Amino acid sequence: MRTTSTMVLMSIAVVTWLTAGQGRAATEFAMPAIPGFRASAPKTPPRFALTVPVKVPAQLGVLKLAPVHTDAMSVAQLAETLGMRGEVLEENPGRWLVEDSNGARRSLTVFGASGGANFMHLEQLHIAPASAPKLPSDAEAYALALAFLKENELLPADFDTRMGTVTFHRPRLIERDMKRNVNLTVIETGVQVRFRQYWQGFRVSGPGSKLYIMLGEGSVMEGMTRMARVATGVDMLLPAVSAAAALDALGQGAGTYAVPTGCTTAKVTKMEVVYWSESPRLAQDHSVPVYEIGGDCVDAQGKSLGEFFAYAPAAYAVPGFEPPQGEPRREGPPWPMDQR
Amino acid sequence: MTQGKPSTAPLTSRRQTGRLLCLSAWGIALALACLGVAPHAAQGAELLAEHIEIYASGGVSASVDLPGCADTTTGLVDEFDAAGWSETWWSNSAAFESDFKSSSLVGGDDDDWADAADFAYFCGHGNTGLVEFTTFTAADGNRLLFNTETRYGNLNVEWVTFDTSFTLRDTGTNISTWYSNAFSNLHLLVGWHDSPLDGDTGGQFADELIDTGIFDGGGNTVQQAWFSNSGGCTDQTSGTTQSIIAEIQAHFNDRIWGEGSNAGDQPNNGLGWLSQSDC
């Protein structure tokens, strides 16, 4: 049985930026507690080149988030809404589980710290099909997903349901002749309808903000992911960091990035302020804005290497911040051997 | 190689925890708990887990340290242990590049480590077509494991996971190079097309893979466990793409030993499968 830490109280990381020639602590940034990417870093950071205009207001708010209370009763209610019957178990501290006793193999996992839920029809979801399933069109999937969420009162008010903001994802199985590098068969296994959350006019990002419906063969709902914290208002205002200053800071160690090997220049084609919603496993009472950045990397010869991803500070810290807690380190048995 | 049961050949000279720990001196209550997992126990099944937390602070890499790798590997090992697997778990400078490198190559030793296990897991840094270690033997020449240097399943292992960024990125040649080299009766190679954040990937993955008893969920297929937002995707942002390579389509429905059936070993026939899904 695993134990999961759930004690994160404040999601503000004050990052000290050591600017060249200016000594320590020239600027302090307010950053969410975003873990680093697991991407090998080059010895010299790439140059981040902004290629798009980025608008940001003079000030950005730190938002207060509503407290979350999850118990067996609230989990049972959600299970019932999803047509499940089964005992509610707390399989790990803070991780609730319902497995259907209704005949079908279905499971519902609820993370107590955030109320985030994941429902899976285990006989269908991500099971490799014998033949290509008959899937709904994007428009049909959108209508079905929206109707389901509305009818069951599972649609939070701060998610945008307009068709233009919804994204569709179709997981794929590909049979490939690996010697010739040619695809022989491509099977779309489902249609995922994804809704976006907005706070104060900014998109919410991070693992704690997901609202998906997955439809499979015959438009059957195979899965639902609903991670949706609630913002209750602005707690304090912070001076905003310009996009150019944020990219400079990123190159000097503030924030995190993942670039392909050989990347010397990262061409920024997407850069927007988002609010960060942490892992659904963790409690979070504030949300801090951050720049979410993407684009294409090129090597020294200008050859495209593919996408890169980054987060950079969008706000300066001011006095009054609580120091960041971060996720506490996990306690475990002293098994890993570091000598041999 | 395995058909219908895990291997019985142990990872010799390694610490075997799991069941021994369960039955040592923890008293009747714990013994009963151990008995409680008996229906799910994977007798003889072996896990090789390796993680690297210390990168930049160790002075040999420019890559940032990864505390999440240490924590999530703890979660993964806990879960496999509860299901009765034997574990070998190397960390930081004791995680050798050679452990995952084909024994058929100079400096490779996977027949004693990754390929001697049934399920092998590594958490650390990666990039397109490679995995970054911090320790290597002189014969290896470097601390990066490349997709051309692997061959799994010729001895034993069924499932290998590289919980590292971009390693299974579908650039075309990257996936086919992994397949052409790594698949030698291997069932699944599990990893990331995109770059995961250093969160609880492996622990949540294992939670969905393994059902340790009536108070636990899991027991799902490897693909379900990896793609699930209560599994490998739990701590990732929307749109982060995962990859799994399989020898045959049926391998995507494999359950690990003790959790259900799998499609058995299949030789490399040059036609592989790639499954991709977004978190």
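## Basis of the values

Because the model is predicted, local features need pLDDT of at least 70 and side-chain atom pairs count only at pLDDT 80 or more, while totals for chains, interfaces and linings use all residues. Residues are numbered from 1 along each chain as its sequence is written, chains are lettered from A and ligands numbered from 1 in the order in which they are written, and side-chain values use heavy atoms, with hydrogens and water left out.

## Chain A overall

Chain A contains three helices and 23 strands. Helices (H or I, at least four residues) and strands (E, at least two) are DSSP runs, numbered from the N terminus. Of its 340 residues, 52% count as buried. Here buried means under 20% relative accessible area, exposed over 50%, and partly exposed in between (1.4 Å probe, protein chains only).

Among contacts in chain A with a separation of 6 or more, 68% are between residues 24 or more positions apart; a contact means heavy atoms within 4.5 Å. The accessible surface of chain A is about 14900 Å², and carbon and sulfur atoms hold 51% of that. Accessible areas come from the Shrake-Rupley method with a 1.4 Å probe; for residues, only the protein chains shown count as cover.

## Salt bridges

Side chains of opposite charge can pair when their charged atoms come close. Taking a salt bridge as a side-chain nitrogen of Lys or Arg within 4 Å of a carboxyl oxygen of Asp or Glu, the count over all chains is 22. One of them links Asp198(B) to Arg38(A), with the closest N and O atoms 2.9 Å apart. This pair joins two chains, because Asp198(B) lies in the loop between strand 8 (188-192) and helix 5 (202-209) of chain B and Arg38(A) in the loop between strand 2 (23-31) and strand 3 (47-50) of chain A. Both Asp198(B) and Arg38(A) are buried.

A salt bridge between Glu53(B) and Arg329(A) also has its closest N and O atoms 2.9 Å apart. Glu53(B) lies in the loop between strand 1 (46-51) and helix 3 (67-82) of chain B, and Arg329(A) in the segment after strand 23 (315-316) of chain A, so this pair joins two chains. Glu53(B) is buried at 19% relative accessible area, whereas Arg329(A) is partly exposed at 41%. Within chain A, Asp160(A) and Arg162(A) form a salt bridge of 2.6 Å, N to O. Asp160(A) is buried at 14%, while Arg162(A) is exposed at 55%. A network of salt bridges links Glu91(A), Arg95(A), Asp207(B) and Glu208(B).

## Aromatic rings

Over all chains there are 22 aromatic pairs. Rings of Phe, Tyr and Trp (its six-membered ring) pair if their centres lie within 6.5 Å; planes under 30 degrees apart count as stacked, over 60 as edge-to-face and the rest as tilted. Phe48(A) and Phe308(A) form a tilted pair, 5.9 Å centre to centre with 55° between the planes. Phe48(A) lies in strand 3 and Phe308(A) in strand 22 (residues 304-313) of chain A, so the pair ties together parts that are 260 residues apart in sequence. Both Phe48(A) and Phe308(A) are buried.

In chain B, ring pairs join Phe80(B), Trp85(B), Phe119(B), Trp159(B), Trp192(B), Phe205(B), Trp226(B) and Trp257(B) into a cluster.
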